[in-house]
Amino acid sequence: MAPGVSNEKKTDDEQSSKFPFASFLSYFRSSVLLLPVSCHRRFSSWLDDTELPENFIHLCNPHLEKMKEDILYHFALGTGTHDFPALFGDVKFVCVGGSPSRMKSFIAYIAEELGLASPGGDYPNICAGTDRYAMYKVGPVLSVSHGMGIPSISIMLHELIKLLHHAKCSNITIIRIGTSGGIGLEPGSVVITRQSVDATFKPQFEQVILGKTVIRSTNLDEQLARELMQCSKEINQFNTVIGNTMCTLDFYEGQGRLDGAICLYNEEEKLQYLKEAYDSGVRNIEMESSVFAAMCNLSGVKGAVVCVTLLNRLEGDQISSSHDVLVEYQQRPQKLVGYFIKKSLGKV
């Protein structure tokens, strides 16, 4: 029996009067995404406007209901060994980022901001049983590292979304905070992603499943993006824009760099490509946002991507700012998201 499903027997009247809307919408959402792109887009606005009852996490996987125990291997957690509702049931905000150290520093920062700092500032790694990912928690905030690139964040998100489901969390907001390369922006600018686009500037995530290409939407929550932008205006500490984020499959050739071990194009071709990206609405480049947006959409979760730009790619490829400057840049998404969380909790 799936977590969160009561053992109490329902009467025929109760069973007939409560349509399993969440299960239907989950099935419909996953089925639509197997259709051609043209059909998928036709249903996108309906899917985006349709809310699940009480905004619980939902899973597009009926097979999980048949499992007696769900082992989240890469987290070193499992439903048979851990009480997920007790550990994570109060979570409302999940912040994810590449490195474990950055996510540990974020949890210490948000703990101070929320007045929940622990004596000595010690925040144990909940995933200490593995070296794949790190996870920290304080109050209603969960901070999780996801590694680098689409495969790494995809694995983490599968297990994170299941964790939130098993914990019976509701009204969840997930925000990726990270670094990126900017296009046409001063270094240190913060980009709130409107859409994640692929390397051809299309707002889609493409994945091969059982030998077939599946296309999924990469739109992010517009209202959440506007709320984050308003928060940036209120703190008024650094330049912030809303724009599209290009998600690539690697750091070098996929992003048009000239400084990798392999480069079979010239600088003129590179600049032409980046200018085309800018003209299409792209303001930064990173390597995780597409699958992040796609999985948030499928799970009915509000998601946002907030990344600082470490350089302007129209002016170069290598990150040459000093360590102290880079540290300060990397704190900017944390400050913005931290303020958003405080404001959402009525602590501003």
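## A loop residue and its surface patch

In this predicted model, phenylalanine 251 lies in the loop that runs between strand 10 (240-247) and helix 8 (267-279). Phenylalanine 251 has a relative accessibility of 30% and therefore counts as partly exposed, the class that lies between buried, under 20%, and exposed, over 50%.

Together with Tyr252 and Ile319, Phe251 forms a nonpolar patch on the surface, and the three residues have about 240 Å² of accessible area together.

Threonine 309 belongs to strand 12, which covers residues 302-312. Because its relative accessibility is 0%, threonine 309 counts as buried.

Leaving aside residues up to four places away in sequence, threonine 309 touches a set of residues that includes Ser180, Gly181, Gly182, Leu185, Glu186, Pro187, Gly188, Ser189 and Val191, as well as Asn284 and Tyr329. The C-alpha atoms of threonine 309 and valine 190 are 6.2 Å apart in space, although 119 residues separate the two in sequence.

## Helix 6 and the residue after it

Helix 6 comprises 17 residues (150-166), and the distance from its first C-alpha to its last is 24 Å, close to the 24 Å expected at 1.5 Å a residue. Of these 17 residues, 13 are buried, so helix 6 is largely enclosed by the rest of the structure. Just after helix 6, lysine 168 adopts a positive phi of about 60°.

## Aromatic pairs

A search of the whole structure gives five aromatic pairs. One of them joins phenylalanine 93 and phenylalanine 340 in an edge-to-face arrangement, with 6.2 Å from centre to centre and 90° between the planes. This pair links distant parts of the chain, since phenylalanine 93 is in strand 3 (residues 93-97) and phenylalanine 340 is in helix 10 (residues 323-344), 247 residues apart. Both phenylalanine 93 and phenylalanine 340 are buried.

## The chain as a whole

The protein chain contains 10 helices and 12 strands, and 46% of its 348 residues count as buried. Among contacts between residues at least 6 apart in sequence, 75% join residues at least 24 apart. The protein chain exposes about 17,300 Å², of which carbon and sulfur atoms supply 52%.

Definitions and conventions: Residues are numbered from 1 along each chain as its sequence is written. This is a predicted model: local features need pLDDT of at least 70, side-chain atom pairs count only at pLDDT 80 or more; totals for chains, interfaces and linings use all residues. Side-chain values use heavy atoms; hydrogens and water are left out. Helices (H or I, at least four residues) and strands (E, at least two) are DSSP runs, numbered from the N terminus. Buried means under 20% relative accessible area, exposed over 50%, partly exposed in between (1.4 Å probe, protein chains only). Contact means heavy atoms within 4.5 Å. Patches are made of residues with over 30% relative accessible area and no salt bridge: like charges are joined within 9 Å, nonpolar side chains (Val, Leu, Ile, Met, Phe, Trp, Tyr) within 5 Å. Accessible areas come from the Shrake-Rupley method with a 1.4 Å probe; for residues, only the protein chains shown count as cover. A salt bridge is a side-chain nitrogen of Lys or Arg within 4 Å of a carboxyl oxygen of Asp or Glu. The expected span of a helix is 1.5 Å times one less than its number of residues. Rings of Phe, Tyr and Trp (its six-membered ring) pair if their centres lie within 6.5 Å; planes under 30 degrees apart count as stacked, over 60 as edge-to-face and the rest as tilted.
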